[in-house]
Structures are given as C-alpha cells and as structure tokens.
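Visitor: I have a protein model to look at and some questions to ask. Can you walk me through it?

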Amino acid sequence: MEDSNLYAKTDEEATTDLTTLLVELFNNDASLQKSPLFIVAESYGGKFAVALALSALKAIQHGTLKLTLGGIYSF
C-alpha cells in the first residue's frame, strides 16, 4: 500500500530525494564517477534543474557525493 505522506510536495523535498538517489548511484559505482553529470530540463524543469544542481554541488563540497557536474542546460 502506498503512503501519500511520503510523496515530495515541494521542490526542496524533491531535490533532497534526488540528491539522495545520486549519492546511492554514484558513490557505489566507480565507473559512473568517471563521467560528468549533465542536468538537462525544459520549461519549469529549468528552475528545478538549478535547484537540483545546487543541492548536488553542496553534497559534493561536503564530500557526501562523488561526482563531477558537467553542466546544466535548460530549453
């Protein structure tokens, strides 16, 4: 049974969830760490892409996320 209380309701909650996903994916796979991450979005996603990139950058600076940001593109 799904618990709707666990859904992300704000951009901040969604970026936290996605940053946690990035940590799990990249920190556990050395081959992924060799390639830069590019975040691509359009329309409102452009605002969200920036929020995600800032969250990821903070995690990288704190040493909790092992990846290189390649860039952010918004259409």
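**A guided tour**

Visitor: How many positive and how many negative side chains does the protein chain have, and how far apart are the centres of the two sets?
Guide: Lys and Arg count as positive, Asp and Glu as negative, while His and the chain ends are not counted. Each charge is placed at NZ of Lys, CZ of Arg, CG of Asp or CD of Glu. On that basis the protein chain has 5 positive and 9 negative side chains, and the centres of the two sets lie 9 Å apart.

Visitor: What kind of model is this?
Guide: Residues are numbered from 1 along each chain as its sequence is written, and side-chain values use heavy atoms, with hydrogens and water left out. Local features need pLDDT of at least 70, side-chain atom pairs count only at pLDDT 80 or more, totals for chains, interfaces and linings use all residues, and the model is predicted.

Visitor: In what order do the elements run from the N terminus?
Guide: Helices (H or I, at least four residues) and strands (E, at least two) are DSSP runs, numbered from the N terminus. The protein chain has 3 helices and 2 strands. Their order is α-α-β-α-β.

Visitor: What share of the residues of the protein chain counts as buried?
Guide: Buried means under 20% relative accessible area, exposed over 50%, and partly exposed in between (1.4 Å probe, protein chains only). The protein chain has 75 residues. The buried share is 27%.

Visitor: Among contacts between residues at least 6 apart in sequence, what share joins residues at least 24 apart?
Guide: A contact means heavy atoms within 4.5 Å. Take the contacts between residues at least 6 apart in sequence. Of these, the share joining residues at least 24 apart is 68%.

Visitor: Which residues touch the most other members of the largest nonpolar core?
Guide: A nonpolar core is a set of buried Ala, Val, Leu, Ile, Met, Phe, Trp, Tyr and Cys residues joined through side-chain atoms within 4.5 Å. In soluble globular proteins, nonpolar side chains tend to be buried together. Here the largest core has 13 residues. Those touching the most other members are Leu 22, Phe 26, Leu 37, Ile 39, Leu 65 and Leu 67.

Visitor: Which element gives the largest share of this core?
Guide: α1 (11-27), β1 and α3 (45-61) each supply at least two residues of this core. The largest share is 5 residues. That share comes from α3.

Visitor: Is Thr 19 buried or exposed?
Guide: Thr 19 lies in helix α1. Not counting residues up to four places away in sequence, Thr 19 touches Leu 52, Ser 55, Ala 56 and Ala 59. Its relative accessible area is 9%, so Thr 19 is buried.

Visitor: What is the C-alpha separation of Tyr 73 and Val 40?
Guide: Tyr 73 touches Phe 38, Ile 39, Val 40 and Ala 41, leaving out residues up to four places away in sequence. Along the chain, Tyr 73 and Val 40 are 33 residues apart. Their C-alpha atoms are separated by 4.7 Å.

Visitor: Which residue has a positive phi although it is not a glycine?
Guide: Most residues other than glycine have a negative phi. The residue you want sits in the loop between β1 and α3. With a phi of about 55 degrees, it is Ser 43.

Visitor: How far apart in space are Lys 34 and Lys 66, C-alpha to C-alpha?
Guide: Lys 34 lies in the loop between α2 (30-33) and β1. Lys 34 is exposed, with a relative accessible area of 72%. In sequence, Lys 34 and Lys 66 are 32 residues apart. In space, C-alpha to C-alpha, the value is 9.7 Å.
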